[in-house]
Amino acid sequence: MAEFLLLFRHDDIRNANLSPEQMQAQMQKWVAWMGDIASRGKMLSSQPLERTGKVVRGTKKAITDGPFAEGKEVIGGYLLCKADTIEEAIAIAEGCPILEHDAGTVEVRPIGRM
Amino acid sequence: MGELLIFGFIFYNMQQEPNQLVDHLFRTEAGKMTAVLTRLFGFKQHETAEDIVHDTIYQALKEWRFRVPENPTAWLYRVAKNKAIDYLRRENRMAEISSELKPLLKSEYTLPTVVNFYFNENEIADSQLRMMFAACHPAIPEEAQIALVLKTLCGFSVEEIARAFLSNKDSIEKRLYRAKEKIREANIQLDVPVGNDMQTRLETVLQCIYLLFNEGYNSSTADSVIRKDLCYEAIRLCLLLTENPNSNLPETNALLALMCYNASRFDARIDNDGLIVLLQDQDRTKWNKELIQKGQYYFNISSAGNHISTYHLEAAISSMHCMAASFAQTNWKAILGFYNLLTERKPSPVVLLNRAIALSFAESKQAAIAEIKKLGSLQNHYLYNAALGDLYFDIGKTDEAKVYYETALKQTHNPQEHELLNKKLALTSSKPNTGRP
């Protein structure tokens, strides 16, 4: 069993005009998706990432605000899961509600084996 | 969304399974937080309160996607409180604050304590009541009252209100704008009336809840999810009124009983294909027994005192239907008696039409036909012609029945009603008379 990191890009919920009921419906999709992964014993951890942050760069250790070139490139959160194969990890990623938006992406990366 | 939806709140309980969110949590809490923040800031800053609530829910959406907190409500209140305190601390904010709490919000010594205090359970309920009485002030037109209640107390968006009333966003926005302007112009205070004032002000609040419920219960055009939501919210708000000793009057309980009785039949009224099922054909085992019991409970409480409101009478009529083991065993004599009392207080054409239908079962079809024909103002309403069609059909005059059904068909555009009328119409030409659907 290998581990995979799923990275979510594109701030899919930036539409600020959603009503509370719509926001709850939106959230419940995520809860259901993650709940399903967890119930199959595949979930390791998952966290959202703030939009703000700092970048430490190069030998000078220069610190800049950042890191974000473009909104849709921003990593909004991650999920670390277990899967037998990359295909299985992709199947997990396919259920992610972020993919209801055309610009949403889930990057699936196997954790390097030591 | 089953029937649990409607009475789930009666046993409202946050102790659900972990990671399981209560239905409508965001919407309900949005209403509560808006009421509290509007009370803290004063009505002039109502939009600020709405913005803070929106930001709070939005933040919850972003963070809870990954992990729902153990106590979701406490999380929401904590974030809303912090946002409110941040807002109040910003420079020159105080000029915009119009509430009586302003002196306490000005001082850094009291600010966090006061904000905290108003987010406790009792004060939240109190803030909601204050908002309810302001939104249902007699100076505000009824349809604007309902829109404002849905927006400020029930956490509905303008689009959702428009959907519920088959209206458009612009006209709902106009209604809301006018209602809010009225509150500001007339300087309507966010308070719960006391003494004699309560009796008169409560009337418009109950009327608003009654209309809200009926919109959900009777509107045959909006989709069933949103209609159920309106009934749910009406019951929730009425329940809130029963929880405060000042507003927990007999008529409040009578209205709550009426809504519980009627809501118990919500699901049985529509079949699996979305078609209307008439009372006589409803599967009575599908009536929600717990809601009927709730209705009984509040109806008993409502009998305190000497005043009989129209809600008492309507609840009594509804309870007679709920208690009848079958349509044939319905106590029409008693129902007619309640309708007679109701027509004295509320002689509206629709009440008179319903009374005539009760009369047709309690006494005779001919007497009912004569009564309905007196209701000239309803001639262009499909219910008038459909009822006459039914009665003529029942006395074997199928040719007359046919004409009335055909007229009714032209007066409604609702596909479900069309379906039902067409079925009845088909029977007028098939002999022998096998009973109408």
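Is Cys231(B) buried or exposed? Cys231(B) is buried, with a relative accessible area of 0%; here buried means under 20% relative accessible area, exposed over 50%, and partly exposed in between, using a 1.4 Å probe and protein chains only. This is a predicted model, in which local features need pLDDT of at least 70, side-chain atom pairs count only at pLDDT 80 or more, and totals for chains, interfaces and linings use all residues. Residues are numbered from 1 along each chain as its sequence is written, chains are lettered from A and ligands numbered from 1 in the order in which they are written, and side-chain values use heavy atoms, with hydrogens and water left out.

**View 1. Lys54(A) and Asp65(A) meet in a salt bridge.** A salt bridge is a side-chain nitrogen of Lys or Arg within 4 Å of a carboxyl oxygen of Asp or Glu. In this pair, the closest N and O atoms are 2.4 Å apart. Lys54(A) sits in strand E3 (residues 54-57) and Asp65(A) in strand E4 (residues 62-65), 11 residues apart in chain A. Helices (H or I, at least four residues) and strands (E, at least two) are DSSP runs, numbered from the N terminus. Both Lys54(A) and Asp65(A) are exposed.

**View 2. Asp126(B) pairs with Arg39(B) in a salt bridge.** Here the closest N and O atoms are 3.3 Å apart. Asp126(B) counts as buried because its relative accessibility is 17%. Arg39(B), at 9%, counts as buried too.

**View 3. Asp394(B) and Lys365(B) form a salt bridge at 3.8 Å, N to O.** Asp394(B) lies in helix H19 (residues 382-394) and Lys365(B) in helix H18 (residues 365-373) of chain B, so the pair ties together parts 29 residues apart in sequence. With a relative accessible area of 30%, Asp394(B) is partly exposed.

**View 4. Shared partners join salt bridges into one network.** Its members are Glu21(A), Arg27(B), Asp229(B), Glu233(B) and Arg236(B). Over all chains, the count comes to 26 salt bridges.

View 5. A disulfide is a pair of cysteine sulfur atoms within 2.5 Å. Cys136(B) is buried, with a relative accessible area of 1%. For Cys231(B), the nearest cysteine sulfur, that of Cys260(B), is 11 Å away.
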